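This report describes one protein chain from its coordinates.

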Amino acid sequence: MNIRMFVAGLCGGLLLGVISVQSRPTGAPLTACPLIAPIGHVNTTRHPNNGSYGLSTDVFTGGVYVPGKNYTLTLKGTDVFKGLLVQARLVADQTTPVGSFTPGGVVKLSACTIASSAVTHFNGDDKDNATFVWTAPPSLTGTIQFWYAVVVNYDPANLENTYYTLKTNPIRELNGAAATVSPTALLWLVMAAVCVQASVRSY
């Protein structure tokens with residue numbers, strides 16, 4: 001065998017090995033979106049329980065979101081992780097994406113079905129947490145859940161790579177006029193009510 005070809009093949013194999021142990025440094029591919037799972041990762045199995053990872057939803061007071069409002073969310077756990085994919089979906093069909101994301105820190109936008117409808121990692125480094133902003137849709141849409149995948153480790157040569165696909169509890173939309181009535185509009189309503197009462201008394 002030509003020594004140059006041997007060296008080139010060896011170096012190429014080593015480079016491929018170095019790249020592959022990182023959890024898709026460019027982020028989750030679009031094929032991961034439908035199931036919110038690391039499709040394409042070999043020797044990778046979904047963990048049967050929820051593990052120690054969670055997405056903060058305490059910012060949704062009373063389990064309710066307000067149309068058009070921004071919410072800062074954090075994904076974290078007791079152990080580090082390599083990759084992630086997060087998307088808000090309607091509970092009704094569990095597929096329709098809801099709202100949009102603003103990236104930050106260790107995450108970038110992903111065009112899962114709709115532009116800016118999901119966030120994913122942009123490197124395969126160990127992460128303690130990931131923080132990003134979700135903006136609720138401008139109009140009433142329906143009850144939602146955040147679906148998220150967490151890739152704990154990934155090395156094709158390892159037969160025990162693990163990931164989690166999880167969901168938050170349902171988060172309801174804020175129903176009724178209270179969702180959109182401003183303080184100024186509320187003042188006008190009160191003044192109108194007072195005027196109506198005054199008119200009734202004058203008769």
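## Fold and confidence

The protein chain has two helices and 12 strands, where helices (H or I, at least four residues) and strands (E, at least two) are DSSP runs numbered from the N terminus. Along the sequence the elements follow the pattern α-β-β-β-β-β-β-β-β-β-β-β-β-α. The model is predicted: local features need pLDDT of at least 70 and side-chain atom pairs count only at pLDDT 80 or more, while totals for chains, interfaces and linings use all residues. Residues are numbered from 1 along each chain as its sequence is written, and side-chain values use heavy atoms, with hydrogens and water left out.

The average pLDDT (the predictor's confidence in each residue, from 0 to 100) is 75 for the protein chain, and 63% of the residues score at least 70. Residues 3-23 stay under 50 in pLDDT, and the model gives this stretch 16 contacts beyond four places in sequence; contact means heavy atoms within 4.5 Å. Residues 176-182 are also below 50, with four contacts in the model beyond near neighbours in sequence. Where pLDDT is low, the predicted coordinates should not be read in detail.

Of the contacts between residues at least 6 apart in sequence, 71% join residues at least 24 apart. Buried residues make up 34% of the 203 residues; buried means under 20% relative accessible area, exposed over 50%, and partly exposed in between (1.4 Å probe, protein chains only).

## Disulfide

A search of the whole structure finds one disulfide, defined as a pair of cysteine sulfur atoms within 2.5 Å. It is formed by Cys-33 and Cys-112, with the sulfur atoms 1.8 Å apart. The torsion about their S-S bond is about -60°, so the disulfide is left-handed. Cys-33 lies in the loop between α1 (3-20) and β1 (44-46), and Cys-112 in the loop between β7 (107-110) and β8, so the pair ties together parts that are 79 residues apart in sequence.

## Aromatic rings

Rings of Phe, Tyr and Trp (its six-membered ring) pair if their centres lie within 6.5 Å; planes under 30 degrees apart count as stacked, over 60 as edge-to-face and the rest as tilted. The count comes to nine aromatic pairs. One of them is Phe-101 with Phe-132, which is edge-to-face at 5.8 Å centre to centre and 65° between the planes. Phe-101 belongs to strand β6 (residues 100-102) and Phe-132 to strand β9, so this pair ties together parts that are 31 residues apart in sequence.

Phe-60, Tyr-65, Tyr-71, Trp-134 and Phe-146 form one aromatic cluster. Arg-89 lies over the face of Trp-147, at 5.3 Å from the ring centre; the rule asks for NZ of Lys or CZ of Arg within 6 Å of the ring centre and within 35 degrees of the ring normal.

## Two loop residues

Asn-123 sits in the loop between β8 (118-121) and β9 (127-135). A polar atom of the Asn-123 side chain lies 3.0 Å from the backbone nitrogen of Asp-125.

Thr-57 is in the loop between β2 (53-55) and β3 (64-65). Leaving aside neighbours within four places in sequence, Thr-57 is in contact with Thr-168 and Ile-171. Thr-57 and Leu-75 are 18 residues apart in sequence and 9.8 Å apart in space, C-alpha to C-alpha.

The table lists accessibility for residues named above.

| Residue | Relative accessible area | Class |
|---|---|---|
| Cys-33 | 5% | buried |
| Cys-112 | 1% | buried |
| Phe-101 | 4% | buried |
| Phe-132 | 1% | buried |
| Asn-123 | 18% | buried |
| Thr-57 | 30% | partly exposed |

Technical notes. Polar contact = N/O pair within 3.5 Å; in protein donor to acceptor, adjacent residues only side chain to side chain.
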